Amino acid sequence: MKLENKSALITGGNRGIGLATAQLFEREGARVAIVGRDAAAGHAALATLRDAIFIQADVARADDCQRAVTETLCAFGRLDILFNNAGIILRNRNVEATTEAEWDATLDINVKSIFLMSRAALPQLRAAGGGAIINTASYVGLVGFPGLAAYAASKGAVVNLTRAMALDHAAEKIRVNCICPGSVATDMIHRAWELYGDVTQAAQVWAAKHPLQRIAAPEEIARVVLFLASDDASFITGAALPVDGGITAG
């Protein structure tokens, strides 16, 4: 097993990519703490896991991030992997259409949370002799996309924050990388399809954007997170890895 005797903390771990990753990490031997704001979704997620814990927290709040790390240590005794996965997206918003509150919320959840959670976790990763941080960016952080001003800005920030952290902590044997997914079959994208009006047509439109002519399953993204968290990626740090069906290749 790739993560035997490891402990992982996953934000946004109660659904989608985060939950798929938690399930995979458990199968690979890790003990897992999942973090989210929605208690009902968190407890439902626990029913799909064997020996995980759920921590209700707002990852845009420093006290909650510190508490999440502390509770993980109390449960498992160590922390080896941090997957900063929590995120939100506001669609059909150029700069003029984005309110200040929407901008702040997007940057708080998508970027500030990584800063706060990493700041809380780094001393524990260091104490464990090293570890891995994986951040969820997006292909939109690499190439931009119309109507996603705040989201694109936030995910571009995640990419460069990842690079800076990788350089800062390489000597401490803490690797920091980010994934840049394309479209993934999660609740978030299904809500976008519903807003589109015709769910079947929307699914076809979204799939057609990708050269592979489909969108990803959460489990496909989880396998890449596992790779970056494991010793298979022992010489990789500072990478922004597209997992996007080829959408940024053109």
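## An exposed glutamine

Gln213 is exposed, its relative accessible area being 53%. Since the cut-off for exposed is over 50%, that value places Gln213 in the exposed class. Please keep in mind as you look around that this is a predicted model.

Leaving aside residues up to four places away in sequence, Gln213 touches Ala207 and Ala208. Gly197, by contrast, is 16 residues from Gln213 in sequence, and their C-alpha atoms are 21 Å apart.

## A covered strand

Now let us turn to strand β5, residues 131-136. This strand is mostly covered, and six of its six residues are buried. In a regular strand, side chains alternate between the two faces of the sheet. Are the faces of β5 covered or uncovered? Both are covered: Gly131, Ile133 and Asn135 are buried on one side, and Ala132, Ile134 and Thr136 are buried on the other.

## The neighbours of β5

Strand β4 (residues 81-84) runs parallel to β5, and four bridges join the two. Within this pairing, Asn135 of β5 has Asn84 opposite. To get from β4 to β5, the chain passes through helix α4 (residues 100-127), making a right-handed β-α-β crossover.

Strand β6 (residues 174-181) also pairs with β5 in the parallel sense, over six bridges. Here Gly131 has Ile174 of β6 as its bridge partner.

Technical notes
Residues numbered from 1 in each chain as written. Predicted model: local features only at pLDDT ≥ 70, side-chain atom pairs only at ≥ 80, totals over all residues. Heavy atoms only, no water. Buried < 20%, exposed > 50% of the residue type's maximum accessible area, 1.4 Å probe, protein only. Contact = heavy atoms within 4.5 Å. Pairing = 2+ DSSP bridges. Right-handed = clockwise from strand over helix to strand, strands pointing away.
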